[in-house]
Amino acid sequence: MTTTRPAVLQLLPFPFPDAAERLAKHYELIELWKAADADATIAARQDDIAVLVTSATTPTPAQLIDRLPKLQAICSMGVGYDAIDVRHAQQRGIQVSNTPDVLNDCVADLAFGLLLATARKLGHAERYVRANQWGSEAVFPLGVKVSHKKMGIVGLGRIGMAIARRASGFDMEVRYHNRRARTDVDLGYEASLTDLASWADFLVVATVGGDSTRNLVNREVLQALGAKGIIINIARGSVIDEEALVSTLVSGELGGAGLDVYVDEPNVPDALKTLDNVVILPHIASATTETRKAMADLVFDNVDAYATTGKVITPIPAIA
Ligand code: 8YV
């Protein structure tokens, strides 16, 4: 069944009242989560769908993309795109956009919040007071200092740079590891991630997710960071070998961890839930009203731009 007006297929709700109105401006809006039978809805409308709206954490595989023969653009909410088969879409000539930059501050703020919470045991201290242990013989353990310490950043991109700026506010020395050194920053580059880890007091993971970085932070790197070292992850769970992470924390080979992302979200390894030197958050790095609104608006702007100019505003670079 074909209709004159092309359609936009929205895979997930956006928590903003104007979302539907914005998306229905140029296209007929199909809100898939409202469909009684999502499969039947896609089958019935496959020839009308020109644009797909998804998110960084919503699986968007080649199978789904290939069910939409008239698809021309995929507009995703979020900067990460490891849940979307971008390469396949681009090979089909489909433009794919994400929402970079608008979330850098909140993600970097959360990275620092996690670092301070882990180093100064804020979660543990909070539980200690709530359990009425304060004043009891259970003396609360000392934390570790953050200011003037050494921070290693794995993945010095836009978010990594925002974290480095915040670290300078804490008088921290910052070095980083990327696939190759940047020529536009005056921060120390470490070609070896293991060397960066053994140098650092805090290792912050801010790199992209996906196959190219899977288990980049392996057991050797975690052991190099050491019994006094603390790892922070606001990127993707897949970047750290999660098994090695759990066992080095349990054995004491690794000092502590502040985590916002995991390999199989929302499932967090139970072993992590029992450790007081670990802070575990539910993937909230960009979860502020201001930033999520800015992310949603950029999705809408990408859809509008595609409808009016045939080009999205923030395309994901071509994946080789
Ligand atoms: C998600 C994120 O977008 O931007 C990313 O890559 O992981 C987050 O900001 C957010 O959780 C909504 O899906």
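Me: Which strands does helix α10 lie across, and at about what angle does the helix run to β11?
Reply: In this predicted model, helix α10 covers residues 242-251. The helix lies across β10, β11 and β12, and its direction relative to β11 is about 140°.

Me: In what order do the strands of the open sheet stand?
Reply: The sheet is built from 7 strands whose pairing is parallel. One of these pairings joins β6 (residues 150-154) to β9 (residues 202-205) through 4 bridges, with Gly152 standing opposite Leu203 in β9. Read across the open sheet, the order is β8-β7-β6-β9-β10-β11-β12.

Me: Why is one side of β8 and of β12 left without a neighbour in the sheet?
Reply: Strands β8 (188-189) and β12 (278-280) stand at the edges of the sheet. One side of each is left without a neighbour there because each has a single partner strand.

Me: Which element supplies the largest share of the lining of the largest cavity?
Reply: The largest cavity, with a volume of about 40 Å³, is lined by residues including Ala117, Leu122, His124 and Val279. At least two lining residues come from each of α5, α6 (122-130) and β12, and α5 is also a helix that lies across β12. The largest share, 4 residues, comes from α6.

Me: How many nonpolar residues has the lining of the second largest cavity?
Reply: The second largest cavity has a volume of about 40 Å³, and among the residues that line it are Asn233, Leu245, Leu259 and Tyr262. By class, this lining has 2 polar residues and 1 charged residue, while the nonpolar residues number 5.

Methods
Residues numbered from 1 in each chain as written. Predicted model: local features only at pLDDT ≥ 70, side-chain atom pairs only at ≥ 80, totals over all residues. Heavy atoms only, no water. Pairing = 2+ DSSP bridges. Contact = heavy atoms within 4.5 Å. Axes fitted to C-alpha atoms, helices over the stretch in contact; angles between N-to-C directions. 1 Å grid on protein atoms, 1.4 Å probe; cavity = no way out; pocket = protein on both sides within 12 Å on 5 of 7 lines; lining within 4 Å. Points joined across faces, edges and corners; volume = space filled by probe spheres on them. Nonpolar A, V, L, I, M, F, W, Y, C, P; charged D, E, K, R; others polar.
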